[in-house]
Amino acid sequence: MKTARLPMNFIHCLTVSSLVTVAAPMSALAEDYRVGSQETLPAYLNDRGVGIPTSMFGTYVEKGELLVYPFFEYYLDNNLEYKPEELGFGLDADYRARYRASEGLIFVGYGISDRLAIEFEAAIIDAKFEKSSDDTTAVPAKIEESGTGDVEGQVRLRWTKENEKRPEFFSYFEAVSPQQKDKLLIGTPDWEFKLGSGLIRGFRWGTMTFRAAMDYSIDESKLDLGEIAIEYLKRVTPSWRLYAGLEGSQDEVSLVTEAQWHLNRHVFLKLNNAVGITSKATDWAPEVGVVLSFPVK
């Protein structure tokens with residue numbers, strides 16, 4: 001139950017007094033951008049800056065930067081699809097359950113270079129399940145479980161940097177470790193893997209990202225089409241960014257929106273909201289958290 005990025009060594013700047021070509025180190029450009037200057041980066045980087053995209057919506061990590069993001073997420077679903085067979089009760093038939101969960105998570109990301117980043121995420125979850133009134137199997141009427149949720153890591157690689165003629169191309173690999181194997185709702189019985197790639201293109205009216213992935217579960221020995229997403233990010237003021245995206249896999253698609261309030265160059269607030277637009281997607285999943293940025297030499 002889960003829901004959520006470049007440039008050359010030198011770029012050209014436009015001065016106020018005259019059109020002059022100026023060469024500047026990337027570190028200086030990144031520093032200027034962080035304090036709110038929109039003049040030092042080309043228009044296609046205005047919304048996101050120079051960082052590598054992370055798995056967190058609209059969030060990027062730069063070389064030598066450590067991101068720490070503690071956040072809270074809530075899940076409300078009045079028609080969660082399940083099979084009694086998946087819960088260990090034999091019948092291979094689809095039913096719809098009532099599901100509620102609250103989850104506390106911690107995300108850590110680090111930019112190893114301007115092309116390579118790593119990240120780690122862990123969760124603690126409290127989940128409640130009420131089976132369908134049409135389900136006459138031995139599935140318990142109510143199931144409540146709590147404990148460790150998903151524990152996962154990612155490696156993210158930027159293959160090409162965006163310039164005036166081409167988009168950025170990036171890839172990512174994710175591994176989810178087994179957790180709570182004996183629990184029906186929150187358990188991950190075996191290793192799960194994801195391999196995906198994406199494109200980013202910045203415009204004066206906003207930044208578009210398209211990404212897609214494949215999933216593999218050792219428990220099911222099955223390779224599936226994973227998440228596909230189309231995303232939009234716009235920096236509307238030096239302090240505020242707005243995000244919107246369609247994300248889903250197969251017949252579970254959600255509309256995700258987010259507002260980011262950048263209090264300063266080291267702290268910003270994320271207010272996220274996901275609404276299911278297909279019946280099998282989670283009905284509602286709000287998220288709130290604070291991203292902390294630390295320079296690491």
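Biologist: Are phenylalanine 170 and tyrosine 172 buried or exposed?
Modeller: Both phenylalanine 170 and tyrosine 172 are buried. Buried means under 20% relative accessible area, exposed over 50% and partly exposed in between, with a 1.4 Å probe and protein chains only. The model is predicted, with local features needing pLDDT of at least 70 and side-chain atom pairs pLDDT 80 or more, while totals for chains, interfaces and linings use all residues. Residues are numbered from 1 along each chain as its sequence is written, and side-chain values use heavy atoms, without hydrogens and water.

Biologist: How many aromatic pairs does a search of the whole structure find?
Modeller: The search finds 11 aromatic pairs. In one of them, phenylalanine 170 and tyrosine 172 have ring centres 6.3 Å apart and planes at 25 degrees. Rings of Phe, Tyr and Trp (its six-membered ring) pair if their centres lie within 6.5 Å; planes under 30 degrees apart count as stacked, over 60 as edge-to-face and the rest as tilted. The pair is therefore stacked.

Biologist: What makes phenylalanine 173 and phenylalanine 193 a stacked pair?
Modeller: Their centres are 6.0 Å apart and their planes 15 degrees, so both values fall inside those limits. Phenylalanine 173 belongs to strand β7 (residues 168–176) and phenylalanine 193 to strand β8 (residues 192–203), so the pair ties together parts 20 residues apart in sequence. Strands are DSSP runs of E with at least two residues, and helices are runs of H or I with at least four, numbered from the N terminus.

Biologist: Why is serine 254 called buried?
Modeller: Serine 254, in strand β12, has 14% relative accessibility, so it falls under the buried limit. Its contacts (heavy atoms within 4.5 Å) include Gly245, Leu246, Val275 and Ala281, leaving aside residues up to four places away in sequence.

Biologist: How do you know that strands β11 and β12 pair?
Modeller: Two strands pair if DSSP finds at least two bridges between them. Antiparallel strands β11 (residues 240–249) and β12 (residues 252–264) are joined by 10 bridges, so they pair. Arginine 241, for example, has glutamine 260 of β12 as its bridge partner.

Biologist: What puts lysine 270 over the face of tyrosine 69?
Modeller: A charge sits over a ring if NZ of Lys or CZ of Arg is within 6 Å of the ring centre and within 35 degrees of the ring normal. Lysine 270 lies over the face of tyrosine 69 at 5.6 Å from the ring centre, so the distance meets the limit.
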